[in-house]
Amino acid sequence: TYAGRLSQIAGRLAAYYAQAGDGVQAGLYAERAAEHALALAAPAEAVDFYRQALALDPTPARQLGLGQALLRQEDLAEARAAFEAALSAAEAEGDQRSAARACLGLAETHLPEGRADEAARWMEKSLTYLDPGADPEAHALAHFLLGASRLDAGQSLAQSEKELNEAARLAAENNLVEIGSRSRFILGNVLAQRGDLTGALQAFRDSITLAQAAGNPYQEVLGHNNTAYHALLAGDLAAAHKHVEAGLTLAETRALHLPLQYLYSTRGEIALAEQQWADAEGWFKRALAEAERNGNVQQAANILANLGLVARGRGDSDQALALLETACRSAEKLTAPYLQMQIDLWLAELFLERGERAAADEALRRAQTRPAAEQYARLWARAGRLRHASLLTAG
């Protein structure tokens with residue numbers, strides 16, 4: 001009856017074999033049931049089946065599967081523990097392929113927290129194990145993570161783009177739809193930082209389509225969020241509203257909590273653009289609570305800066321300055337030149353409004369001397385306009 005589609009009843013078969021005392025077969029079917037659950041975007045069920053398989057017959061591959069399921073479930077600490085266990089087991093068995101994948105998994109657990117330094121450390125370790133010819137999926141994932149971590153660390157946009165394009169190529173050649181979706185998403189961020197909003201929006205829309213095909217609602221939510229934010233930057237408020245609401249609905253339907261720190265912030269920025277100060281403040285405070293709960297210092301600094309813009313919009317210049325300076329101090333502790341430059345420019349604008357030209361010039365100097373500042377075309381152009389405005393004030 002079930003020939004060719006055993007995955008549908010793998011969970012039941014695992015239970016029967018366990019009752020029969022055949023742990024090996026029970027473990028195989030529990031692992032198969034876990035893989036089926038992940039394919040159906042049901043990470044909680046996958047976690048349960050992987051734990052069942054590990055209890056019956058522990059292997060590095062099953063630890064890796066558990067780590068990926070926990071990562072999908074947004075449980076970063078538990079995912080990290082599973083990947084560390086997989087790495088230890090793989091090293092003990094001399095399993096180079098599983099060791100490489102465990103390191104890549106550990107790198108992935110640090111990206112949602114804005115820890116590009118830790119992600120890069122694990123990426124470097126993965127290279128000591130990785131065999132690109134034998135494992136194209138891990139090879140594609142490695143290029144993706146290199147591109148993403150280089151972007152987060154404020155390194156060359158061109159180098160980040162090169163890695164992401166290579167990841168996308170490998171994904172297309174090997175039918176790795178999920179990695180293709182993630183690569184297009186980060187490429188959208190690269191294009192946006194370069195000032196190409198049209199290209200960025202297309203990349204985010206591509207990412208949404210691929211995420212739907214891969215059955216990855218988490219990546220789909222992120223795609224909607226970034227499409228909304230960059231549509232807002234492009235002046236398309238209708239599209240911004242449409243995509244942020246789609247992201248919020250999907251996140252709530254699938255009980256996805258990790259993306260809320262971004263969705264709430266984007267919703268706040270839309271309200272900010274519409275000069276709905278109370279709404280904006282409410283959304284930003286919700287976003288800040290989520291960012292702090294997830295330990296995302298970079299996102300928390302960004303949200304604090306936006307709360308400063310709310311205060312500025314209300315005409316409370318002193319409160320705006322206090323919030324922006326707090327955000328600036330927090331961002332200075334990070335490797336995040338794009339965010340640092342953005343906050344510098346907001347401070348420069350505020351200082352010019354307050355008639356404090358020397359402070360404005362100092363904020364502009366910081367902005368324009370950030371590492372690789374000229375590659376952030378949109379921010380660089382804005383800095384030039386503010387410099388001109390400052391000179392006019394002096395005149």
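This is a predicted model: local features need pLDDT of at least 70, side-chain atom pairs count only at pLDDT 80 or more; totals for chains, interfaces and linings use all residues.
**Aromatic pairs**

I counted four aromatic pairs here, where rings of Phe, Tyr and Trp (its six-membered ring) pair if their centres lie within 6.5 Å. Residues are numbered from 1 along each chain as its sequence is written, and side-chain values use heavy atoms, with hydrogens and water left out.

**Tyr17 and Tyr29**

I looked up the pair of Tyr17 and Tyr29: the ring centres are 5.7 Å apart and the planes sit at 5 degrees, so I wrote down "stacked" (planes under 30 degrees apart; over 60 is edge-to-face and the rest tilted). Tyr17 is in helix α1 (residues 10-19) and Tyr29 in helix α2 (residues 23-39), so this pair ties together parts twelve residues apart in sequence. Helices here are DSSP runs (H or I, at least four residues), numbered from the N terminus.

Is Tyr29 buried or exposed? I got 16% relative accessibility, so Tyr29 is buried, while Tyr17 at 30% is partly exposed (buried is under 20% relative accessible area, exposed over 50%, partly exposed in between; 1.4 Å probe, protein chains only).

**Tyr264 and Trp283**

Next I checked Tyr264 and Trp283, a tilted pair with 5.6 Å centre to centre and 45 degrees between the planes. Tyr264 belongs to helix α14 (residues 260-273) and Trp283 to helix α15 (residues 277-293), 19 residues apart. I found Tyr264 buried at 8% and Trp283 buried at 18%.

What lies over the face of Tyr264? I found Arg286 there, 4.3 Å from the ring centre (the rule wants NZ of Lys or CZ of Arg within 6 Å of the ring centre and within 35 degrees of the ring normal).

Technical notes:
Helices (H or I, at least four residues) and strands (E, at least two) are DSSP runs, numbered from the N terminus.
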